[in-house]
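Please keep the viewer open as you read.

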Amino acid sequence: MILIQNSLGKIGASVLGLLASIGRVTLFTLAALSHVLRAPFYIREFWTALIRIGWLSLPVVGLTALFTGGALALQIYAGGGRFNAEALMPQIVAVGMVRELGPVLVGLMIAARVTSSIAAEIATMKVTEQIDALVTLSTDPMKYLVVPRVLAALLVVPCLVGVGDLIGIAGGWSVATGSLDFNSATYLRNTVTFLEPLDIVSSLVKGCAFGGIAALMGCYFGMNSGRGAQGVGKATETSVVAASVLILAANFVLTGVFFSL
């Protein structure tokens, strides 16, 4: 009986801790969004974040999308051959990349590269008391550190998703025309005619949501990191895990909203 009570107590404590964490993240998100439209605006920090999140992420996003599109084309061709449906490969590659694989892979790459970088940077600033120095200089850390990064991610990650979608489709096209004897003009025509505006809109909206999640998780865990090198490492690790899980959960919700109507 005591063992059962202890087990239930641990489960209850875990649930309460999870709910408390969700509440803290929610309040942090609302505070960050409330500062977006209020002065002052740190334009230099914003442009720096745009370059770091957008431009410097292009190589990893492009390579990931290129190889994924090529592998997807090979898999669909091999699987479709069992049902004599190889001709549908261009349409399936396009829909798969634009609706799901493009946004999700870009979001996860941003979580791996940007979220970890933001968390480590802000956590190091906290450990070295640079955030306390900002407060001493009457500079709001939320305005100076969080808002530029979140706003930059909200704006630039949809662009990365669009580029990733195009490169992924190009990867499928290159494999289809170079190895599988598809006609280039027919492949491109089938891709363009099969995609619908809702597919593209959903992809870009997912990119915006995933970018916001990635930046917010990096900022939140960086601002709430523990002291010392161990605290920085823990904040970086936890931020990437949280961002990745939330991106996959958000993808499920957004897919249901867009395509279950």
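Axes here are lines fitted to C-alpha atoms, for helices over the stretch in contact, with angles running from 0 to 180 degrees between N-to-C directions. Helices (H or I, at least four residues) and strands (E, at least two) are DSSP runs, numbered from the N terminus.

Do bear in mind that this is a predicted model, in which local features need pLDDT of at least 70 and side-chain atom pairs count only at pLDDT 80 or more, while totals for chains, interfaces and linings use all residues. Residues are numbered from 1 along each chain as its sequence is written, and side-chain values use heavy atoms, with hydrogens and water left out.

**Two helix pairs**

Start with H4 (residues 89-127) and its partner H9 (residues 228-259). Their axes come within 8 Å and cross at roughly 150°, and H4 and H9 are therefore roughly antiparallel to each other. The crossing of H4 and H9 is right-handed; a crossing is called right-handed if the near helix is turned clockwise from the far one by less than a right angle, and left-handed if anticlockwise. The residues in the contact of H4 with H9 comprise 15 nonpolar, ten polar and two charged. In this scheme Ala, Val, Leu, Ile, Met, Phe, Trp, Tyr, Cys and Pro are nonpolar, Asp, Glu, Lys and Arg are charged, and the others, Gly among them, are polar.

Next come H3 (residues 58-80) and H6 (residues 141-179), whose axes come within 7 Å and cross at roughly 40°. H3 and H6 are therefore oblique to each other, and their crossing is right-handed. Contact means heavy atoms within 4.5 Å. On the H3 side the contact residues include Gly62, Gly69 and Gly70, and on the H6 side they include Gly164, Gly168, Gly171 and Gly172. The contact of H3 with H6 holds ten nonpolar residues, seven polar and no charged.

**Residues to look at**

Which residues does Thr115 touch, leaving aside its neighbours within four places in sequence? Thr115, in H4, is in contact with Ile110, Ala214, Met217, Gly218, Ser239, Val240 and Ala243. Thr191 is found in helix H7 and touches Pro90, Ala94 and Ile169, not counting residues up to four places away in sequence.

Ser138 lies between H5 (130-136) and H6, and Asp181 lies between H6 and H7 (184-194).

The table gives relative accessible area; buried means under 20%, exposed over 50%, and partly exposed in between (1.4 Å probe, protein chains only).

| Residue | Relative accessibility | Class |
|---|---|---|
| Thr115 | 0% | buried |
| Thr191 | 5% | buried |
| Ser138 | 71% | exposed |
| Asp181 | 73% | exposed |

**Domains**

Finally, step back to the whole chain, which is divided into domain 1 (1-38) and domain 2 (42-259). These bounds come from an automatic or database domain assignment. Taken over C-alpha atoms, the centres of domain 1 and domain 2 are separated by 26 Å. Where they meet, nine residues of domain 1 are in contact with eleven residues of domain 2.

How values were computed:
Angles under 35 degrees count as roughly parallel, over 145 as roughly antiparallel, 65 to 115 as roughly perpendicular and the rest as oblique.
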